Amino acid sequence: MKTPGRIKISELLQRKETGQEVTVKGWVRTKRGNKNVAFVALNDGSTVNNIQLVFDLQNSFSEEQLKEVTTGACLCATGQLAQSQGSGQPIEIQAKIIELYGAANPETYPLQKKGHTLEFLREIAHLRPRTNTFGAVLRIRHAMAFAIHKYFNDNGFYYFHTPIITASDAEGAGAMFQVTTLEAGSPPRAEGGAIDYSQDFFGKHTSLTVSGQLEGELGAMALGQIYTFGPTFRAENSNTPRHLAEFWMIEPEMAFYEIKENMDLAEDFIKYLIQYALDSCMDDLKFLNNLYDKELIERLQSVCSAEFVRLDYTEGVKILEASGEKFEFPVHWGIDLQSEHERYLVEKHFKKPVILTSYPKDIKAFYMKQNEDGKTVRAMDVLFPKIGEIIGGSQREESFDKLKARIDELKMDESTLWWYLDTRRFGAAPHSGFGLGFERLLLFVTGMGNIRDVIPFPRTPRSAEF
Ligand code: 4AD
Ligand code: MG
């Protein structure tokens, strides 16, 4: 379908021929010039690159006519495409007609100059998509979402929608946000004083989901291989550059996969996504590479061609203990690895991504398949340079008896899990899956340093303005 009434700047900049009349629409990035001529750099979001509009102030336009053409204003311009005289761009538009859609008062429009800090831009999250940086990040975000659906569709996985509101808090992945319509100040009380959730909207206590996995497993037990891709919510108070309270997760779940095949899929999937970014987003990657992270493109290429290391947790801990490194959190068998440990293994020791497996069962979720040793489970975390954990997954425990015993051991509320246990009661199958944090992937692919800068409207402790 053609874009009505205009040509996109991304398409225009591909054109080899000049001379034809074109119409573009977009937002003014900069205006400069002198008495005779004005140059306006226009951006319409289709590419990080701008088109230059040239206004002849001697014959065609008055300065008065261009008074409101200032940084941030939105306009439509028609003119002749020409080879550019200047060195900054190959082509430009000799403007003939201009219509101003919306002015942006230079006294009050916050994005006047280049080089705003990322911290400042977070305070104006409603306007920051108009910067080159966020344009690039958001286009890459789109491309990655598309590539995820393409990868799974091409490989015979079904997109399976799992609920956002859930009555089970079974994952144990983190604190949950409650969902309720009860009056906060005066909720109904049961005998003994506890809040009576039977009078709540769903007739029970409900929360926002921390993961679609448990419902995803129900899908895999019918459709064979599914994936979820939706928002998930965790109410931990972790104010780090890698945690959000609302983030998007991709969770494939496969019947008949054991841990080895699960690892193969995770490695193939993430390499595919990174290669897709290299193939489809090079203008934006180059921009980010030049501005923020000079090794970005090289790092992406190196991960695509690396064979990921596969290593038992126990071996990983031995390497860390022998490293002589001073870690903030000391290492010994049984600890939940911190990102400093994960990054040591990936960045210093192996110098490539690592898939760590067979974790102690006490630091992992109840549903993971128990190993023969009685101490470890078939978990797998994929660890990446600069990020640490980017994927967490496992083979699932398919034995009803073992799963039930673990649920009892952990004193979990079985009444919210009966439907999950049914997958082990009826037609149980060996199966596996994993979760990729979408924003962690984007941190890696864009080279940005803070997870708040790879999602349009970040939700973090004490921050939910826009
Ligand atoms: O390791 P997690 O907690 O695993 C699960 O939720 C499983 N149910 C996945 C599965 O097996 N289907 O989370 C998976 C990934 C992490 O590796 C990380 O990339 C991301 O989700 N993640 C977060 N990303 C941003 N902010 C947070 N607070 C995150 N917590 C986890
Ligand atoms: Mg994890």
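Predicted model: local features only at pLDDT ≥ 70, side-chain atom pairs only at ≥ 80, totals over all residues.

Visitor: What makes domain 1 and domain 2 separate units here?

Guide: The bounds come from an automatic or database domain assignment, which gives domain 1 as 9-102 and domain 2 as 128-175 + 210-453. Their centres, taken over C-alpha atoms, are 45 Å apart.

Visitor: How do you know that domain 1 and domain 2 are in contact?

Guide: Contact requires heavy atoms within 4.5 Å; 8 residues of domain 1 meet this rule with 7 residues of domain 2. About 580 Å² is buried between the two domains, that is, accessible area (1.4 Å probe) lost on putting the parts together, summed over both.

Visitor: How many salt bridges cross the interface of domain 1 and domain 2?

Guide: The rule asks for a side-chain nitrogen of Lys or Arg within 4 Å of a carboxyl oxygen of Asp or Glu, and it finds 0 between domain 1 and domain 2.

Visitor: Why is the space beside Ser 168 and Glu 171 called a cavity?

Guide: It is called a cavity because, on a 1 Å grid over the protein atoms alone, a 1.4 Å probe fits at its points but cannot get out. This largest cavity has a volume of about 70 Å³, and its lining (residues with an atom within 4 Å of a point) comprises 11 residues.

How values were computed: Residues numbered from 1 in each chain as written. Chains lettered and ligands numbered in written order. Heavy atoms only, no water. 1 Å grid on protein atoms, 1.4 Å probe; cavity = no way out; pocket = protein on both sides within 12 Å on 5 of 7 lines; lining within 4 Å. Points joined across faces, edges and corners; volume = space filled by probe spheres on them.
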